[in-house]
Amino acid sequence: MENKRSHGREILAHVVLIILAFMCLFFFYILIINATRSHAQLQLGFSALPGSSLVTNFKNVINDPAIPILRGVLNSLIVSGCCAAIVTYFSALTAYGIYAYDFRLKKAAFTFIMAILVMPTQVTALGFLRLITNMGMDDSLLPLIIPSIASPAVFYFMHSYMQSSLPKDLIEAARIDGSMEFSTFNRIVLPIMKPAIAVQAIFTFVGSWNNYFIPALVITSKNKQTLPIMIATLRGADYMNFDMGKIYMMITIAIVPIIIIYLLLSKFIVEGVTLGGVKE
Amino acid sequence: MKSEKKIKSVSYAKWGYIFILPFFLTYAIFSVIPLADTIRNSFYEFYYSGLKAIGPNWVGLANYTELLSADLPKYAWNTFVMWILGFIPQIVIALILASWFTDARLKIHGKQFFKVVIYLPNLIMASAFAMLFFALFSNAGPVNNILLRMGVIGEAVRFMESTLGARTLVALMNFLMWFGNTTIMLMAAIMGINPSIFEAAELDGCTHFQKFFRITLPQIKPLLTYTLVTSLIGGLQMFDVPQILTGGQGSPDRTTMTLIMYLNNHLQAKNYGMAGSLSVYLFIISGILCAIVFRMNTDSDPDGSKFAAKRAKAAAKKGGGV
C-alpha cells in the first residue's frame, strides 16, 4: 500500500517536472528554430524542423546599419565585464573593512548598508540622470559602470562569506609577517574569497548584461547602445516590413551567450543562488 | 600591555575607514545626492513644452495630489495584479517542487537536469524574453499557428489585445523567470530543517500532507516571508517585460502600464516635477519594504552570519548529495 502510493507520487512528480521543463525550454526551442528560417518560410507557419537560413539571417543582422548589433555586443561586454570586476573587488574591500577592523562607525556603516540592501535604483533615477548630465557623463558608458562600486547586496554576500571562511587569526599572522594592510587584502584575502567572487561576478555580469531601464535613459547615441536597448528598438520597428528571421536572430544573439555560459557553469551557478543570501 | 594593545587597535582603525570609503563616497554621489535632488524636484512644477522649459515654480504638494487624482492608483493596481498573478503560481509550484526535491523517499530521475532547466529563464534578458513572447504570441505567430493546426482553437487568439490576455502573458513571463529561483531558495531552507524532526514524524505515522503542512511550512515561514517581501520589491520594479511587450503603451487601454513604466514616461518627457513626486511615492513604499527586510536580516542574528552559514551549509550538503 505504502509502496504503491509513493509510486503514484513519483509518477506525478515526473509528469509535473516534465511539463515545467517543457515550458521553460519550448520558447527557446522555437526561438532557435525560427532564427534558422527565412522570412518567407516563417510566413508559411511554424515548423518544428530548422530551416537553412541561419547564416543568411546572421549576415543580414550584422550588416544592418540601422541596428549595429556587433557594436551592441561589444558595449554590453564592456559594461558587464567592468561591472563584474568592480562590483566584486569593491564589495569585498568594503566587507573586509567592516569585517577586519574595529572603528567607531563600524556598526553604523554596517547598519546603513543593511538598511539600503534592497532599495530599488529606480527611485533615484531622476536625480541620477540630472546629476550625470551636469557632470557631462550623459550618453556615456561610465555612469553604467561607476555606481556599481556601491552594491549593498554583494557586500552582504561577501561579508557573510568572510564570517564563515576568513579566520581573523590569518590577518593577524600576516601582520606579524610584516604584510601591509592593503597587500594583505590583495594577496591573502582575495584568493580566499575566490569562490564568493566567482559566484558574484557571474550574477553581476548577467544582471548588467540584461539591464535595460537605466541604460535606456542614459544612452542616446546609436553606437553606445547596449543590447537590451537595441532589442527594444526592434519592438518599435514597422512590423509588416520587418524581416522576422532577423528579429529572431537578434534575440538569439542577445540571449544565447548567457545560455552557453550558464550551461557550462550550471551546477556552480545553481549552488551559488543559495549561497547568495539576497539576490536582487 | 593593555595600553599598548589599545594604541595598536586605534592605529588600525583608519584602515577600516579607508577600505569602506569608496563604497560610501560612490553611494553619496550617485544615490544620496540624486535622491535629494529627486525630492526637491517633486515640489516644483518643472517640465518641457517643446524646447521651452516651464518652471521651476514652487507648487508644494500639488504634484502629489495630482498624481493621486490622475492615473497613479490605476497603475499601482495594474502592477499589483500582474505581480500577484505571477507570484501565486510561483510560490505554490516552488513549494511543491522544493518539497519533492528534498524528499529522500521520492526518487526523481535527472534531478540536476530539472534544477538547471527551471533556473534557466531567470538569467534570460527580460527585454529579449518579452520581445520573443511578442513575436511568438502575435496574431499570426507560432503559438496561434500551432494551436490552430492542432485544432485547439478555431481562429487566432488575439492575446495582446485583451486586458486579461496581456496581463496573463506578463504574469506568465514573470512566473517562468522566477519560479526556479524560488524553488532553489526554498530547497536550501527545507534542507536546513533538522532531519530528526521528519524521522520522528514518520515514526509517528505522519502522512506526506501532514509533514508538509505541520513541519515544513512552519519551519520555513521566515524564508517564505522573506521571499514574499523581496518579490514585492521586485514586482514594484516591474518594467522590462510589459514595456517591451506593449511597446511602452501599456496596451490595451493602459491596463498593463506599471508604476515604473509611468515613471519612465515622465523621465523621457522630461517632466521633472511629476517624475519627482512619483519617485518619492515609490521611495516611501520601498522604504517600508526595506525596513521589513532589514528587520528580518538582523533579528536575533545581528550580522546575518547564522543565516548565511546555515544556507552555505545547506548548499554544500546539496552539492554533495547530487
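Buried area is the accessible area, taken with a 1.4 Å probe, that two parts lose on being put together, summed over both. Keep that in mind for the first stop. The model on screen is predicted.

**Stop 1: the interface**

Show chain A and chain B together. The area buried between them is about 9900 Å². Carbon and sulfur atoms give 76% of that area. Now select Phe19(B), Phe23(B) and Phe30(B). In chain B, these three lose the most area to chain A, together 8% of what that side buries.

Next, select by contact. On chain B, 111 residues are in contact with chain A, and on chain A, 111 residues are in contact with chain B.

**Stop 2: polar links across the interface**

Switch to polar atoms. Between chain B and chain A there are 15 residue pairs in polar contact, both residues at pLDDT 80 or more. Color chain B by helix. Helix H1 of chain B, residues 2-41, supplies 24 residues, the largest share of the side that touches chain A. Then color that side of chain B by residue type: 72 are nonpolar, 27 polar and 12 charged.

Two salt bridges are found across the interface. For a salt bridge, select Arg9(A) and Asp103(B). Their side chains meet at 3.2 Å, N to O.

**Stop 3: Glu10(A)**

Move to Glu10(A), in helix H1 of chain A, residues 2-35. Which residues does Glu10(A) touch, leaving aside those up to four places away in sequence? Select Arg105(B), Leu106(B) and Lys107(B). Glu10(A) is buried yet has no salt bridge. Lys107(B) is the nearest side chain of opposite charge, 7.1 Å away. A salt bridge needs nitrogen and carboxyl oxygen within 4 Å.

**Stop 4: a loop of chain B**

Go to the loop between helix H11 (240-245) and helix H12 (259-268) of chain B, where Pro252(B) lies. Most peptide bonds are trans. Here, Ser251(B) and Pro252(B) are joined by a cis peptide bond, with omega about 0°.

Now select Asp253(B), also found in the loop between H11 and H12. Its phi is near 50°, a positive value in a residue other than glycine. Is Asp253(B) buried or exposed? Asp253(B) is exposed, with a relative accessible area of 58%.

**Stop 5: a loop of chain A**

Finish at Asp139(A). Find this residue in the loop between helix H6 (125-134) and helix H7 (142-145) of chain A. Phi of Asp139(A) is near 55°, again positive in a residue other than glycine. Asp139(A) counts as buried because its relative accessible area is 16%, and the cut-off for buried is under 20%.

Definitions and conventions
Residues numbered from 1 in each chain as written. Chains lettered and ligands numbered in written order. Predicted model: local features only at pLDDT ≥ 70, side-chain atom pairs only at ≥ 80, totals over all residues. Heavy atoms only, no water. Contact = heavy atoms within 4.5 Å. Polar contact = N/O pair within 3.5 Å; in protein donor to acceptor, adjacent residues only side chain to side chain. Helix = DSSP H or I, 4+ residues; strand = E, 2+ residues; numbered from the N terminus. Nonpolar A, V, L, I, M, F, W, Y, C, P; charged D, E, K, R; others polar. Buried < 20%, exposed > 50% of the residue type's maximum accessible area, 1.4 Å probe, protein only. Lys, Arg positive; Asp, Glu negative; His and termini not counted.
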